[in-house]
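Please go through the sequence and the model below before reading on.

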Amino acid sequence: MPGRVTLPRSIFSCRTLVSLHLKGLKVNDISHGVVDFPLLKTLHLSSVLFERFEYLVEILSGCPILEELQAEDLSVDNVEWVFIQENSVIVKKFISLLPNLIRVSITKSPSYLMNLVTLLCTEAQILRAELDRIIGNNNQFHNLTNIELIIKHNHRDK
C-alpha cells in the first residue's frame with residue numbers, strides 16, 4: 001500500500017515501553033517470541049497493515065500486562081488465511097492472550113478482523129466496537145461495565 005512504512009524489527013525488543021502508538025505502518029516480519037513488551041499498558045494501532053494475521057497475534061502476545069487496546073483501520077494481507085483459520089489453535093490462543101485488558105476500542109477495520117479482535121474482550125470492562133453484526137455468546141463479555149456498539153449496515157435507507 002502506498003504511504004506505508006515498514007516497522008523496524010528492533011522496536012519489538014524495547015522492554016521499557018509503557019505506551020506505544022503505531023500509525024501508517026506495515027508489519028511484515030515478526031518471528032515467534034521476538035516481541036517483548038513486559039511493561040506495555042497502552043497500545044494504539046491506527047492504519048496498520050499486517051502481512052500475516054499471526055503478526056498481530058505475536059504483537060499482542062508480547063504485551064502480558066496490556067490494559068488498553070485501540071485498533072483503528074487495521075488490515076491483513078492474507079485475508080484467505082484469516083477466514084480458514086477462525087477455529088485454529090492461533091485463534092484459540094488469541095482468546096486468552098490479554099487477561100489484564102480493561103479498555104478496547106475497535107473501529108474502521110474489516111469485519112472479519114474486528115470479529116477476531118473482539119475475542120480479546122473476554123476480560124475487558126470497557127468496549128467500543130464498530131461491527132457489521134453482533135458476535136459472541138452471552139458468556140463472552142462477563143466483565144463489561146461500559147459498552148458502545150456501533151452496528152454498521154451495508155444497505156442504504158430508502
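The notes that follow take the conventions first and then the structural elements.

This is a predicted model, in which local features need pLDDT of at least 70 and side-chain atom pairs count only at pLDDT 80 or more, while totals for chains, interfaces and linings use all residues. Residues are numbered from 1 along each chain as its sequence is written, and side-chain values use heavy atoms, with hydrogens and water left out. Helices (H or I, at least four residues) and strands (E, at least two) are DSSP runs numbered from the N terminus.

- Strand 4 covers residues 42-46, and five of its five residues are buried, where buried means under 20% relative accessible area with a 1.4 Å probe, protein chains only.
- Thr42, His44 and Ser46 point one way from strand 4, while Leu43 and Leu45 point the other way.
- Both of these sets of residues in strand 4 are buried.
- Strand 2 (residues 19-23) runs parallel to strand 4 and is joined to it by five bridges; two strands pair if DSSP finds at least two bridges between them.
- Opposite Ser46 of strand 4 stands Lys23.
- Strand 6 (residues 68-72) is also parallel to strand 4, again with five bridges between the two.
- Thr42 has Glu68 in strand 6 as its bridge partner.

**Helix 1**

- Helix 1 spans residues 53-61 and is mostly covered, with eight of its nine residues buried.
- The buried residues are Phe53, Glu54, Tyr55, Leu56, Val57, Glu58, Ile59 and Leu60.
- Among them are two glutamates, Glu54 and Glu58.

**Ser105 in strand 8**

- Ser105 belongs to strand 8, which runs over residues 103-107.
- The relative accessible area of Ser105 is 13%, so Ser105 counts as buried.
- Leaving aside residues up to four places away in sequence, Ser105 touches Leu69, Gln70, Ala71 and Arg128, where contact means heavy atoms within 4.5 Å.

**Loop residues with positive phi**

- Asp73 sits in the loop between strand 6 and strand 7 (75-76).
- Phi of Asp73 is near 60°, a positive value in a residue other than glycine.
- Asp73 is partly exposed because its relative accessibility is 31%, and partly exposed means between the buried limit and the exposed one, which is over 50%.
- Lys108 lies in the loop between strand 8 and helix 4 (111-118).
- Lys108 is not a glycine either, yet its phi is positive at about 50°.
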